[in-house]
Amino acid sequence: MGRAVSRAASKGSGVVENVTDYVQESYLYRWLTAEPEPDVVVIDLRETYTVGPFIRLLDATIEWLQPYWEASTLKRGTDACIRGLEWAAATKPGRVLASILAPPEPPERAETRNDRAGKIEDTDDEREQPEDQ
C-alpha cells in the first residue's frame, strides 16, 4: 500500500513539473512576465483628447455610484464571501493551495535554470571570469 502511494505521488509530482516547465516556456507566459523595455514611452490617456473625456465621465459615474454601492446588499454579500475566503486561506489546506498557486520567482533571481532535457545551464552571471595575474 505504501509503495503504491509513493509511486502515485512521484508520478503526480512529475506531471506537475512537466506542466510547470511547459507553461513557463510558453510564449504567453514569457510575454506576460517579461520586464518592460527601458525606452518604453508611457502615455497618460487621461490627458488625451479622444480617451480623456470618457475616463472623466467614468470617474464621475463611479463617484456618483459609490454611496449606493456602500449601502447595497450586494456589497455586504461580497464582503461576507471575502471574509470566508480569508478564513479558508488561513487553514492548512488553504495555505497548501496558496503555495501551489503562488507565482514562481522572477528569472533574474534564479541562479540556474532547467532546460527541457533536464540539464542545468549556467547563466551569464555565473560564468567564471578569467582572473588577472
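From the N terminus on, the elements of the protein follow the order α-α-α-α-α-β-β, which comes to five helices and two strands; helices (H or I, at least four residues) and strands (E, at least two) are DSSP runs, numbered from the N terminus. The model is predicted, with local features needing pLDDT of at least 70 and side-chain atom pairs counting only at pLDDT 80 or more, while totals for chains, interfaces and linings use all residues. Residues are numbered from 1 along each chain as its sequence is written, and side-chain values use heavy atoms, leaving out hydrogens and water. Of the 133 residues, 3% count as buried (under 20% relative accessible area, with a 1.4 Å probe and protein chains only).

Helix 4 (residues 73-90) packs against helix 5 (residues 92-101) at an angle of about 90 degrees, their axes 4 Å apart; axes are lines fitted to C-alpha atoms over the stretch in contact, and angles run from 0 to 180 degrees between N-to-C directions. The two helices are therefore roughly perpendicular, a term covering 65 to 115 degrees. Here A88, A89 and A90 of helix 4 meet K92, G94 and R95 of helix 5, where contact means heavy atoms within 4.5 Å.

Helix 1 gives the most, with five residues. T20, Q24, I100, A102 and P104 are the closest to the pocket centre among the 13 lining residues (those with an atom within 4 Å of a point on a 1 Å grid over the protein atoms alone, a pocket being an open set of points where a 1.4 Å probe fits, with protein on both sides within 12 Å along at least five of seven lines).

Notes: Angles under 35 degrees count as roughly parallel, over 145 as roughly antiparallel, 65 to 115 as roughly perpendicular and the rest as oblique. Buried means under 20% relative accessible area, exposed over 50%, partly exposed in between (1.4 Å probe, protein chains only).
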